Amino acid sequence: MLATLLCLGSRLLPTADATGPAGEGTASSTVPHRRFEYKYSFKGPHLVQGDGSVPFWVHTGNAIPSADQIRITPSLKSQRGSVWTKSKSVFEYWEIEVTFRVTGRGRVGADGLAIWFTEGQGLDGPVFGAADNWNGVGIFFDSFDNDAKKNNPAVVIVGNNGGLHYDHQNDGSTQALASCQRDFRNKPYPVRAKITYYQKALSVLINNGFTPDKEDYEFCAKVENMVLPSHGFFGISAATGGLADDHDVLSFLTFQLTEPGKVAPPPDTEIPETEKEKYQEEFEHFQQELDKKKEEFQKEHPDVQGHPSDDLYETVSDRELRQIFEGQNRIHLEIKQLNRQLDMILDEQRRYVTAVTEEISKRGAGVPGQQGQVSQQGLDTIVKTQEEVLRQVSETRNSMGEALRLVSGIQHPGSAGSVYETTQHFNDIKEHLHVVKRDIEHLVQRNMPSNEKPKCPELPQFPSCLSTTHFFVFVAVQTVLFIGYIMYRSQQEAAAKKFF
């Protein structure tokens, strides 16, 4: 058994040349070039097609694809499921970012989830829902403690050359190349794993799902001098046992890593001719359906024919102009409201002047001599004051009318000729509003009470409707009635208690 493990270990480790271990001196501190590979990725929404399949991927077992995620296994006992790419990768180095959730009702879950890169598709098997004796690497998110060492949940990296059987009883601890303990069950946010294979080194970073920050990764494990197949399938699988969890994968994003100075193969060389013909036929079919729908729409809406589709949408400049005009409309309405209020003040002042003039004329007619002369002087003063008030209100009204005219001119399309004119109009409006404010403050100061200004005639006092005697008699009667009501209610309650 020991000889077999040593042999398998030699298969996984690279050979050494005369200059030292393989890979020594080839590591570069420069960052590799990343290119997204859509054929080896999936992400919601609109993840599945009409027939329930995932583009460029195949799912087996109890996996359930949906619009925004793939449920690898539901929370039922003894379930297996997996998702694999349909075609092999054509690049040597890669990086994958997997977003998933593992949720369950119990404190302990089972069995776990695995991320694969293998030479062949392990569609079904006993190792977390995938086949055993794989040739490649598996990153296992093991949630059940089979060996009772209390070291789960854990993330375990296990390599295989096709001749190794996975050790379930020990949770793969005897075959693990690297591992770390991370709790990935029932987290508030999705858990994220970033797995990078670059220059014969495999590293795993984990986002525990405690924060919504997608880049909050922490180091988990790293394997140096690891040799993997140059071309392989990407996959993800999960399984349940006596205990069960929901294993949901939200996204699987694959990136090709290219060393600086090397040219990545063009995308066209990655698609076989048979798939190109298939995609071309699908494109032509969709194009024909689109043309048919366009014709049907034109028949149902003949008034829209000949109009460009861009007219149906609002551009950025149109939206800005609309917002400017809406603001000007609000200013226009406010000025109109203020103008109406000034008209009401003007009418009130006119009625007040008329009433005061009539009252003073009546009183001045009955008082001869010096008193009549004094009354006439007071009348002249009041009339002049009111005339001044009327003049100020009229000027304020004219200012408001001028501001209203300017706003109306700005709203007219022909008057908005340039930015300078618009700015000048707004400055005029601001100036007129300051004039209105100053005139109103002047009116308030003019109308403040002063000892030098003549006071309005006082109205005669009207006799009170209720005398003091009547008031005290009324209070006494109310008090007697209230006391009598209290005594009557007490007697009624005492009589009612006799029946209990």
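This is a predicted model: local features need pLDDT of at least 70, side-chain atom pairs count only at pLDDT 80 or more; totals for chains, interfaces and linings use all residues.
Entry one, the pair at aspartate 246. I looked up this residue and found a relative accessible area of 13%, which lies under 20%, so aspartate 246 is buried. Its salt-bridge partner is arginine 71, and the closest N and O atoms of the two are 3.9 Å apart. Because arginine 71 lies in strand β7 (residues 70–73) and aspartate 246 in strand β18 (residues 246–258), the pair ties together parts that are 175 residues apart in sequence. Arginine 71 itself has a relative accessible area of 26%, so I wrote it down as partly exposed.

Entry two, the pair at aspartate 245. I found that aspartate 245 forms a salt bridge with arginine 185, with their closest N and O atoms 2.8 Å apart. Aspartate 245 sits in the loop between β17 (233–239) and β18, while arginine 185 sits in the loop between β13 (176–180) and β14 (191–198), so that this pair, too, links distant parts of the chain, 60 residues apart. I recorded aspartate 245 as buried at 0% relative accessibility, and arginine 185 as buried at 7%.

Entry three, a pair within a helix. Arginine 351 forms a salt bridge with glutamate 348, the closest N and O atoms being 2.5 Å apart. Both residues lie in helix α3 (residues 316–366), 3 residues apart, or about one turn of the helix. Glutamate 348 is partly exposed, at 45% relative accessible area.

Last entry. I noted a network of salt bridges that links Arg34, Glu95, Glu97 and Lys194, and a count of 15 salt bridges.

Conventions:
Residues are numbered from 1 along each chain as its sequence is written. Side-chain values use heavy atoms; hydrogens and water are left out. A salt bridge is a side-chain nitrogen of Lys or Arg within 4 Å of a carboxyl oxygen of Asp or Glu. Helices (H or I, at least four residues) and strands (E, at least two) are DSSP runs, numbered from the N terminus. Buried means under 20% relative accessible area, exposed over 50%, partly exposed in between (1.4 Å probe, protein chains only).
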